[in-house]
Structure formats: C-alpha cells, structure tokens
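I opened this entry to look up how the chains meet and how one chain is divided. My notes follow.

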There are 2 protein chains.
Amino acid sequence: MSTIKPPAPRDDHTDATVRAKRTRGGPKGLRITDVAAQAGVSPITVSRVFNNPESVAPETLERVRQVVQKLGYVPNRLAGGLSSARSRLIAAIVPTISHSLFSETVQVFSETMSRAGYEVLLALSGYSASNEESLLDTVLSRRPEGVLLTGVAHTDSLRERLRNVGIPVVETWDMTDAPIDMLVGFSHYEIGAAVATHLLERGARRPALVSANDARARARRAGFRERLAQAGIEDVPEALVAPPSSVAVGKRALPELLARAQDIDAVFCGSDLLAIGALGAARAMGLQVPSQLAICGFGDLEFATETTPQLTTVRVDGTRIGVNAARFLLDRLSGEHGADEHRFLDVGFSVVPREST
Amino acid sequence: MSTIKPPAPRDDHTDATVRAKRTRGGPKGLRITDVAAQAGVSPITVSRVFNNPESVAPETLERVRQVVQKLGYVPNRLAGGLSSARSRLIAAIVPTISHSLFSETVQVFSETMSRAGYEVLLALSGYSASNEESLLDTVLSRRPEGVLLTGVAHTDSLRERLRNVGIPVVETWDMTDAPIDMLVGFSHYEIGAAVATHLLERGARRPALVSANDARARARRAGFRERLAQAGIEDVPEALVAPPSSVAVGKRALPELLARAQDIDAVFCGSDLLAIGALGAARAMGLQVPSQLAICGFGDLEFATETTPQLTTVRVDGTRIGVNAARFLLDRLSGEHGADEHRFLDVGFSVVPREST
DNA sequence: CTGAAAGCGCTTACAG
DNA sequence: CTGAAAGCGCTTACAG
C-alpha cells in the first residue's frame, strides 16, 4: 500500500476539501455541481436546462429537472450574471410610489418585465436630481440591463454616465427634444397651457396656482403662465408647496392665496390631493365650487372622479407609460431594435372638465 | 535573443492577453484592477476603500478615491456579492403597489433599507400564493439577505424553503401564531369583529358585506360574521368581488346586495375604494348615508377622510409597518439580534367613525 | 446533444 | 496599513 494518497477521483470529495480549506462563510448552499453530480451530467448541461432547455435532450432535461426539484436547487444569479454579463435586472428610479401616480407605472412596468424574465430593482429618488444621480451609481453596481428614469431633468453627469454604460434607458413622465435614449411621456408645459385655456374658456378672470417646485411642476407652471400672459393676465398668484403633496397641504394653500388676492376665481393645483384640500378649504370658507371658485387638479385619481365631481382634473395614463416603457426596453434587449433607434412616445393627456363626470 | 518569449511580467499585459483570448462579450467596463493600477495599489486596497475605508491609510484612501472619481469606476456587485456572500439585496414580495395601501409600506421600507446600504428587489405577486411561491424562487436566485412578505397565507413549500435558506424574513400586514420568522402586522379578524361591533352599536340590524376573497379579506369576513352571530345575526348578505378592488366594483356590488336583501342598513366594504363606489350607488338610488345605510371602508386613504365624511373606515398604519419591518430585518442583519429572536409587532388599527371627521 | 478548461470581477483569510 | 493567492458559482467558446 502506497503512503502517498492519489487525489480523490470524485469531484465531490475534492470540492469538499477545497471548501473546507477556505472556510468562507458557513455551510454553503447547493451549487450547480451538486445537481450535476446527482443527475450524472456536467455542470454545463445543468446550466443549459435553465438557460437554453431546447438544446438539451428531452430525457436529460427531465432527469436534471427532477434532481433540481428534489434538491430544491435555485441557481445563483450573482454568479450567473457575473459570468454571462447578463444580470436580468432592470432598474427603475422614481421619485416615490406612495400616494402617487408613479405607482401605476411601476406596477405595470414591473409586471411586464417580470413576464419577460427580468426583475426590477426599485430606487426611490424623492424628486432630487442629485439624489437620483447617487442612486444611479448604487443601481449601476448591479449591472442592470436597462434603466427606467422618471422625468427628463437629470444632472449632466448622470446623462453622460448613462450614455457611457451603453444600456437602454427610457425616460418617462415628461417630454424633451434631447432624451438620453428613449422616452415615453407627455408635455407638462402643454398641460399647464391646456388648463389655462380651459379655465379662461370657463370665464376665469383671476386664476391662481398651487404648485410644487420640481422640474415637472415648473413646466406646468410655465405653460400655465404663458398661456395666461397671452390672454393679458400677467399677475398670477402662486403658492409653492413642498412635496409630498397632500390634502392637508392643499387645505392650507388656498387661504394663503386668498389672503394675497381675494378676487381669485380659479386655481390650478399640482395634484388631485392638493385640489381636494383646496376644495375642502373653499367649502369651509363658504365658497361655491366651481361657480365662485373653479378648481383643477392633476392626475385623475380614480376616487376623485367619484367623490369630487366639482373638480376639474387632468388625466394622464400612467399604465400606458409603464407598459410602453417596458416594451421599449424589451424590444431593445431582444435585439429587435437597434441601439440607434431612440424611440419616442407621447401618450398625451386630457383635461377632464367638471361637467363630464 | 531567445525565441521563447517569457510571460510578460506586468499584470496589465497579461490581463489584456487573456481577455483577448476569451473575447467574452465586447469591450469590458472598468475593473477594480484598472483603478488599482492607476492608483498604484493592489486591488484589495481598492476593495477596502469601498467596503472598509477605516482600514486604509488616509492618503491612500484619498488617492484611490480620486482615481475612482476620475475614471467613473462603479464596483461590480454581482462579483462582490458572489465573492463575499453578501448581496446587499432585500426582496419585497407584495401583492400590488397600485391603488394600494402597500405602496406606503414599500415606500418607507425601501427608504429605510436604502439608508442602511441595501437595495430592494420588488416582486409583485398579485394575491396568489402559488404565484408568490414561484416569485420567491426567482427572487432567491439573487441571494437576498432578507425578505419582506405580505400576509401570512403562504404555501407550505414557501415556508419550508425560506426556513431552509435561513435568511431573516418579516411577514407583514397580517397576524398569526406561527410566523415563519418575524412579523409586523395586525389582525384582520379583529378588524372584522370591531367593525361589526361598531355597526351594531350604531343601530345596524341588517349588516352586509362587500369583500374580496383573498386570505386577509376572508379573515375580516370571519371576524365580522362571528361577531354578528354573537348578536344573533346569522344571515349576512355578501357580495364577493375580484381584485383589484375599485370604485366601479363597489358601485356595482351595492345594488346586487340590495336586490338580494332590500332591508340592508349597513355595509362593510373591503376597501375605501369599494366603499366610495357603494356610496355613489347609494346616492344614485336615493339612499341617505349613513342614516338609511351605514357604509364602512378599510384603509383610511387620505382623500377619503376629506371627501367622504359619511363613510366610516378602518385606519391602519402602513408606514409604521414598513419602518418596523425594515428595522427588524436590519437589526438581525447587523447581528444585534439573534436568529432565534422572532420579533413580533402588532401595530393595531382603529375604526374611524363618521362623526370624528 | 454534451463536456473540459478558462474566466467573469470581486473578497476572504491569511501573512507581514 | 497593505498585498499574493485562492476561490465564490456560474457561463462562454470551443471541440467533438
């Protein structure tokens, strides 16, 4: 009997020895080699069962799948992603999902991506462009294959970075001539103008504004003011409010405005929640809505139509944005559309006047 | 001159050669070795700059950071996670985030996790336990360090799997004696009972129910019916509705109920949206709310308080759930609390009667 | 249809 | 405070 032991012929043993030597972490989970050994195939074949099952013989496929099932093996996508440079991850950076129109977009975006085999990494930026930029770095560390962004007001550095990494990007919920890559949105400027037109047509003489101060709110404000200016109205009382917009904030904003200009006869609010708050305040002050004071919101939240028929609102299709943003990304990822094809979709909006409800 | 070329002594060169040989994917992004070379340190030191900066000399730290900044290097967390067995990922599996109370929970959960250096993988299960189970596998393939689950009604196989992987788990938005690990929620059964009590106290003699058919809705239904049974009311007209619950669905449900039992004087609806729909239907039928028909919702959505003071509702603190779920997970991850400490928090609820608004 | 070898880009566990 | 060696668990790009 030789005293020099030859290396164990079985992989099992070798692996165990090597692992014991390193002692990284505790007992490790199942690896592809465990499944391969049990099924009597090579690890590559197991990999194929997950990633390219058509290329595996039916019997082999079945055998491997049974072992996978029996062992409860779940492939490690950190390893898979590293090796294949395909993370199967999509990042979505949105300001917020609570009390918000964006939640609809994220919902359908996530559903659509999930159906296509991608998972969604959610990052909440809270309306700050610099915050968004630092979140992007965090998110890029996962090597996502695509990114959904909210709005078009990003830092230059974010824009540049994203162009450099070369993954597909969709900007949403806004409009610009110079998107980073693709875009699904609508014009906030046009909304402001349309609301101004609507209010003027309804006889408003002294319109006011309750608005947040983010990029999109500013665009609506600009459209609103410029349209009013065309009609000779230059002085537009404004109440700027900090996010998150809420009923309570709207309730406080209206009296403020009226204190500054008591002849206000119309208010454009940055969201339906603000509009509902303004409506509450108007009622409390004995003002008739809309006869004495017209109020317009933004977002057309489902409940608002039902509960506050006095309010005009602006309807925007967050679901359509989410679905199409996903499609744009998926088409690019599947190679159906080239990287030079900067697709663009304006989903539009509609002003929903009080009478129509 | 020898014709046999020795291996290049510089790493730079070797790397390039090796990479060219493999040609996996196109031109690769920056790696930690690129930063290391430029900064004149080893890759391990660069790694430390990101993961353990205190252990690096101040000058070295500064130098490396400058190179990182200049190059725009973003570490690859697929590689980092694989190597360290720390993915810095937390999975959140929720039924939906649109029109929903869960969006609040996800929002604060995500914010809290993000502040602690974790990212959130969002998975939308849509109220199906089997769907939830298959989503879990997808999600586990990313090797998350913790999982947030909605509700306590999971498949046995999900429960077992999750116990096996041994990562911290928080179940939320419900209550049970046998959680998988930790829990932050409240009792839907108790809510049903409390609403029944409330309606009875207000003089209801013939209460009805509009409810979805998921596990939590069933628990509320059970509490509602059992409390009514104690008061001698065994026959409770019910309308079962499919998710997603909406104003429109509530609007249709009420007439259905009344067609079956025209003497109904109170309705407990599974959500505020349903309640608002029922309110609309009641108005359309000329019924006074609450004097002729009391309506109770669930969720206490912000707008509801303001716009529909006729409705009673049940207030539940989704934000508190999210914050505490995150804390539970983080405490466990930081090692402050052992894996045997199955923490538990009942955040309770409150019935908000119509008068209080 | 299947597999052996090499590599993806990091970090661990030492040692100094 | 810093680094050389080895390994994390997969997949690619062949070859057969």
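Strands (E, at least two residues) and helices (H or I, at least four) are DSSP runs, numbered from the N terminus. The model is predicted, so I note that local features need pLDDT of at least 70 and side-chain atom pairs pLDDT 80 or more, while totals for chains, interfaces and linings use all residues. Residues are numbered from 1 along each chain, and chains are lettered from A in the order in which they are written.

**Entry 1: the strands.** I looked at strand E2 (residues 119–124) of chain A. Three bridges join it to E2(B), and the two run antiparallel. A:Leu122 stands opposite B:Val120.

**Entry 2: the interface.** I counted contacts (C-beta atoms, placed from the backbone, within 7 Å). On chain B, 46 residues are in contact with 46 residues of chain A. Which helix gives the largest share of chain B's side? H6(B) does, with seven residues. 98% of the interface residues of chain B are also interface residues in chain A, so the copies meet through the same surface.

**Entry 3: the domains.** An automatic or database assignment sets the bounds. Chain A has domain 1 (11–75), domain 2 (87–181 + 319–348) and domain 3 (188–315). The C-alpha centres of domain 2 and domain 3 of chain A lie 30 Å apart.

Note on methods
Contact = placed C-beta atoms within 7 Å. Pairing = 2+ DSSP bridges.
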